[in-house]
Amino acid sequence: MAALIRRGAVLVDRAAAGLFPGYFAVIMATGATSIACRLLGLTALSWVLLGANLLAYATLWGLTLIRLVRYPRRLAGDVVDHARGPGFFTIVAGTCILGTQVHLVTGRDDIATVFWWLGLTLWGLIMYLFFIAVTTREEKPNLASGINGAWLLAAVSTHSVSILTALLPWSGPTDLRLFFALCMFLIGCMLYLAIITLIFYRLTFLEVTVKSLTPPYWINMGAVAIATLAGSTLILRAAEGGVIADFKPFLLGFTVFFWATASWWFPLLVGLMLWRHLIRRHRLVYEPQLWSMVFPLAMYTTGTLRLSTALEAPFLMRIPEPMIWLVLLAWTATSVGMFYHLWQLARSVAT
């Protein structure tokens, strides 16, 4: 028994030491999938995914806190790293998406409010800590090695705060809450438009290899998919009147713009992945970054669902109804890969 406990402690310590900063993308992908299931009437499945997400969230926070205590230098090094640092935004997005999941699946707004406060606090901390750190860093990488799709997680995290803010009840003035949600939506739009320009330039004018074309580039699509959800949520709230009612025409145009952009990215990213794995024969194996591919698929499904309601356009439902099964397939396949990876890690410790 003592030997088993020691092996378990070594396994946890090793997992914490090498924890990928963007691993909270598991929470983002699972939460978005659960929300889509809830909106499509797959209630039992949405509850199962909620339970799995709460367990994963607690586990990842436990590993993160162990890493903070035992390996603070590694964690600090990741924060100032141009390539790995943006992964910390998944903590913010995962927290707020889980709060939205709790709100929609269970109706427990008291619990969802706790996630809102935590997500908002983490947003302020990580957003400014990361951008100050990379701005003041003396030695900076070139654009080819310093930027990837993960940078768009800054926009994703901001939109996740906007969505949860717009959904939750508020004891203060309703206009204040919705105005704050609108501001967060616009900040997220600003971040996306600023960052995607650099990413598009990197993809089209600099060398792209099978090693550099990693799964986080799928966030190019996921970032505008969650922008679609955030905009649609605000449109539905604007219909109730209040301070953002005057912004409804603007929100309609901007939200459709983002949905169309997400739709444009989808076949392009599929083509790039086919080039990477079929033409260039890059082996497809599990890595934490694969969750960055599941999240955009799930969020595009959810965003299209909400957009259909906001625009009163039922023809858009022809997209999410079949696509949810692709999302569930991707989520299941990635989960199997993750557990197999963890099993191999456990075996390596045992030997």
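# A tour of salt bridges, a cavity and the surface

Across the whole structure, a search finds 5 salt bridges (a side-chain nitrogen of Lys or Arg within 4 Å of a carboxyl oxygen of Asp or Glu). This is a predicted model: local features need pLDDT of at least 70, side-chain atom pairs count only at pLDDT 80 or more, and totals for chains, interfaces and linings use all residues. Residues are numbered from 1 along each chain as its sequence is written, and side-chain values use heavy atoms, with hydrogens and water left out.

**Stop 1: Arg67, Asp78 and Arg84**

Select these three residues together. A network of salt bridges links Arg67, Asp78 and Arg84. Start with Arg67 and Asp78. Their side chains meet in a salt bridge, N to O, at 2.7 Å. Arg67 sits in helix α3 (residues 43-70) and Asp78 in helix α4 (residues 72-79), so the pair ties together parts that are 11 residues apart in sequence. Helices here are DSSP runs of H or I with at least four residues, numbered from the N terminus.

Buried means under 20% relative accessible area, exposed over 50%, and partly exposed in between (1.4 Å probe, protein chains only). Arg67 counts as buried at 5%. Asp78 is buried too, at 7%. Arg84 is partly exposed, with a relative accessible area of 30%.

**Stop 2: the largest cavity**

Keep Arg67 selected. Arg67 is one of the residues that line the largest cavity. A lining residue has an atom within 4 Å of a cavity point; a cavity is a set of points, on a 1 Å grid over the protein atoms alone, where a 1.4 Å probe fits but cannot get out.

The space in this cavity is about 60 Å³. The volume is what probe spheres set on the points fill, with grid points joined across faces, edges and corners. The structure holds 3 cavities of 30 Å³ or more.

**Stop 3: Arg237 and Glu240**

Move to Arg237. Arg237 forms a salt bridge with Glu240, and the closest N and O atoms are 2.9 Å apart. Buried or exposed? Arg237 is buried at 15% relative accessible area, whereas Glu240 is exposed at 57%.

**Stop 4: the patch around Leu274**

Select Val270, Leu274, Leu278 and Ile279. They make a nonpolar surface patch of about 370 Å². Leu274 lies in helix α11 (residues 248-279). Leu274 is partly exposed, with a relative accessible area of 44%. Nonpolar patch members (Val, Leu, Ile, Met, Phe, Trp, Tyr) have over 30% relative accessible area and no salt bridge, and their side chains are joined within 5 Å. Accessible areas come from the Shrake-Rupley method with a 1.4 Å probe.

**Stop 5: two positive phi angles**

Go to Arg281, in the loop between α11 and α12 (291-311). Phi of Arg281 is near 60°, a positive value in a residue other than glycine. Arg281 is exposed, at 68%.

Finish at Glu312, in the loop between α12 and α13 (320-350). Glu312 is not a glycine, yet its phi is positive, about 55°. Glu312 is exposed, with a relative accessible area of 71%.

Notes. Patches are made of residues with over 30% relative accessible area and no salt bridge: like charges are joined within 9 Å, nonpolar side chains (Val, Leu, Ile, Met, Phe, Trp, Tyr) within 5 Å. On a 1 Å grid over the protein atoms alone, a cavity is a set of points where a 1.4 Å probe fits but cannot get out, and a pocket is an open set with protein on both sides within 12 Å along at least five of seven lines; lining residues have an atom within 4 Å of a point.
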